[in-house]
Amino acid sequence: MTLPTLLNHLDRRALLALGGMAVAAALVGPALADDLYGPKATGARSGGTLNVGLLLEAPGLDPFHQGAEARIRITVLMYQGLFYETSGGKALPLLAEGYDLSPDGLTYTIRIRKGVKFHTGGAMTAKDVAYSYNYIRDSKNGSPGAGDFGLISAIEATDDHTIKMTLSSPNAAILMTMGNKYGAVVPTGYFDAPDAKTRLNQVSVGTGPFKLAEFKPNSNVTLDKNADYWEPGVPYLDRINFVSVPSGASLLVGLRNGRIDMAPLTRPQDIRQVENVRGLVVGRTPSFNQKAIDLGSELKPLDDERVRRAISLAVDKDEIMRASVGGYGVVIGTMVASMQEAWGVPIDKLPNQKVDIAAAKKLLADAGHPNGFDLTLTTIIGYDWMDAAAVTLREQLAKIGVRLAIQRVEIGVWIRNFQSKQMGFTFNDWATVPDPNLLFYRHFRSMPQGADFRNWKNEAASKLLDEGRTESDPAKRKDIYGRFQQIMAESVPTIMLFSADHVTVRAEKVRNYDQHATGWFYGLARTWIAS
Amino acid sequence: MAVYLIKRLAASVLTALLASIVVFLMMRSVPGDVVGQMLGQTSDPVATQALREFFGLDQPAWRQYLGWLSRVVSGDLGTSWTRGQPVGGLIGSALLVTLQLSVATLVLATAIGVPLGVVAAMNEGKLVDRAIQSFTLLGLAAPVFWVGLMLLVGISTATGWSPPLLYVSPAQSLRENLSIMALPIVSLAVLQAAAYSQFVRQSVVSAFSDDYVRTAVAKGMTRNVVFFRHVLRNVAIPLVTFMGLILVQILGGAVIIESLFSLPGLGRLMLSAIETRDYPVLQGALLIVVVLAMAVNLGVDMLYRVIDPRVQVG
């Protein structure tokens, strides 16, 4: 980890205030980053209510069927999977205690934590674990996460605290898959009741540090401390109110006046307004998300690789990043910022990353477009960064004769186009959990194993994705994904522009909040309020 | 009267039915559905199909509509697809917020607008009139959103106070509730008070040139007596009509104000239902809005009769 990234982990204000001490803390940072939910606090005070302001409300709280990030970031505090995905990219045992893998890489024997209770009061056993994972991996149950569990052929409880999981072929990402994005361990038979899915919006049935107290649409999601939680001494907070504040102006006023103790912000103009306010601390951490330009091959002339390369050579990622998020982000090549160190190919070792107008023009001429062509860029209404980025991109592409029209569509329309693989030329904004298989496979593996949303149909890349999924040796795996990224940069099904930082503003009294790279609110399980 | 009422109600039911069909068709013709929203950037066809079946989206549209209608007729608005809560309850609590906002705005706007209009009319052409007219123009020109934002930011900058963001109902704590609702109500009332004052001024000024007023004045009555005894009555009817119109306008402005001040009202409920394609919530909420608008109209017509017994309804 380089020093600038290290410093990003710290609150800049804290750094100024504490001087040398903060640097010492920073050096301990990377080790602590691999703790469950973030580092435990020393001298923490228990109690208190934290008010978190959210511009985007959770559409629902069902961890099995609701795929929105606005849901996931909250439900990770109520529900737990077998493993925890650290910001550093490791899968730590959570409801699991440990596991053994058979030499052929096909059978996992996973030891399940003892003494864990559901919010409903019952004790959690291996039977519940098997039930929950068998439920989610069955596509017929309608979970968006089902596809990630595809290689599992059986999960069964062998005794109260052990499960045996058999795979049809080795899957190096399986532990990360059993993390907390989709699904969780819930009581056996939970989904037998016809109203089970909808009831998840009223009562939580997980094992996490907080349980659901109230979900009032357009108003608040309130979580209460789980008094029976299995980790000793945590959480510290008695209650968290996630308050829905749809207006940015209102959220900023609330932060200044202490109505809101903490809020994630995304618009640079909002961040600047609170950066120098007394009593507020702005924290900034790199992320697993990516803002990208997708190039669907179903839209001519994007089916011609030369055209896609030409576009890539005309794109100045840094300029777009500055224009759209005001510098609160990291320009990337073919890997999201927080996974770059573990899995990424250095950006200067990848093709088509530096602007080269002459080369781009030549490629276009070779492809039969010496005078450029007309192209429509789709952006999503409500994604503020896309508006500024679109205008910048239009200027950049004009230099190679590509005349860009900008079409703003509503998110429902955009998703329909995406799912039916008619995405065309569009901005995209998505995030991953830290494993390259989970990042790339579904999006880029050709049909039918993958979804290949961009109609890329690249067999060499697909072969590498299959290899990367089954390879268990970390060094060989990194090499495989390195080669995959080279192909991606060369053939350009997508142009990954930048990872926007997670910017969290909090009152000074809010202590020990560690923003996870996913953007989820894991850190609140370790947060306390100073009196 | 009874016959008239029955006729009106029958017509209302028919209108509501037609409106529900239009709403239903409009929603289904918008691309995307709740399943797409839930699955996001995944597209497992089996999972998609399973969820579509769960929500009944695999059925033909006419069957979905009849299913919804038969449940509504039996008093069940269904369950929200994304919130998992009964639609009736969701709409009920949102409606209370919006109604409080609208009625309080109406009362405040009337309390400010009507006296201003009367004072302006009684002093037609004088300085007072001009001052009031200027205020009126300003109020009419300022968008609700802008007024709300200026009040919020202005008051918070000046005093360090801003309204609480977590809604509290009047039943829980009237004081807390008022501290939340005061700014939104004032923001909405500014425009309506201005509109009111202009309307009232116009009506009163024109009434003063009517024959019956001239006769009254000729009898030697003072302007004030003429106003209270004759003019006010005659102005009342258009005023009630105008009130009905304003109430509908306030409901529209409420959508914006609810978002700005984080109020869990009907406007925001509908907005989020559109975004997530939560058909049961949207259809239910729109039905309630249509019924409400019709009820206001009917109420206005009934009021005419109370104000002026000469008005024959039916």
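Which residue stands opposite Asp294(A) in strand 18 of chain A? In this predicted model, the residue opposite Asp294(A) is Thr494(A). The two strands concerned, strand 13 (residues 289-295) and strand 18 (residues 494-500) of chain A, pair in the antiparallel sense over 4 bridges; strands count as paired if DSSP finds at least two bridges between them. Helices (H or I, at least four residues) and strands (E, at least two) are DSSP runs, numbered from the N terminus.

Residues are numbered from 1 along each chain as its sequence is written, while chains are lettered from A and ligands numbered from 1 in the order in which they are written. Local features need pLDDT of at least 70 and side-chain atom pairs count only at pLDDT 80 or more, whereas totals for chains, interfaces and linings use all residues; side-chain values use heavy atoms, with hydrogens and water left out.

A word on confidence comes first. The pLDDT, the predictor's confidence in each residue, runs from 0 to 100. Chain A has a mean pLDDT of 90, with 94% of its residues at 70 or more. Residues 1-33 of chain A, however, have a pLDDT below 50, and in the model this stretch has 37 contacts beyond near neighbours in sequence, a contact being heavy atoms within 4.5 Å. Where pLDDT is low, the predicted coordinates should not be read in detail.

Elsewhere in chain A, strand 6 (residues 152-159) and strand 7 (residues 162-167) pair in the antiparallel sense over 6 bridges. A hairpin of 2 residues joins these strands of chain A, and Asp159(A) stands opposite Thr162(A).

What of the interior? The largest nonpolar core has 80 residues, of which Ile74(A), Leu82(A), Phe242(A) and Leu524(A) touch the most other members. Such a core is a set of buried Ala, Val, Leu, Ile, Met, Phe, Trp, Tyr and Cys residues joined through side-chain atoms within 4.5 Å. Buried means under 20% relative accessible area, exposed over 50%, and partly exposed in between (1.4 Å probe, protein chains only). Helix 5 (residues 126-137) of chain A gives the largest share of this core, 7 residues. Beyond four places in sequence, the contacts of Ile74(A) include Leu54(A), Val221(A) and Phe242(A).

Rings of Phe, Tyr and Trp (its six-membered ring) pair if their centres lie within 6.5 Å; planes under 30 degrees apart count as stacked, over 60 as edge-to-face and the rest as tilted. Phe55(B) and Trp81(B) form a tilted pair, 5.0 Å centre to centre with 40 degrees between the planes. Trp81(B) is buried at 17% relative accessibility. The rings of Trp81(B) and Tyr279(B) have centres 5.5 Å apart and planes at 55 degrees, so this pair is tilted. Tyr279(B) is buried, with a relative accessible area of 3%.
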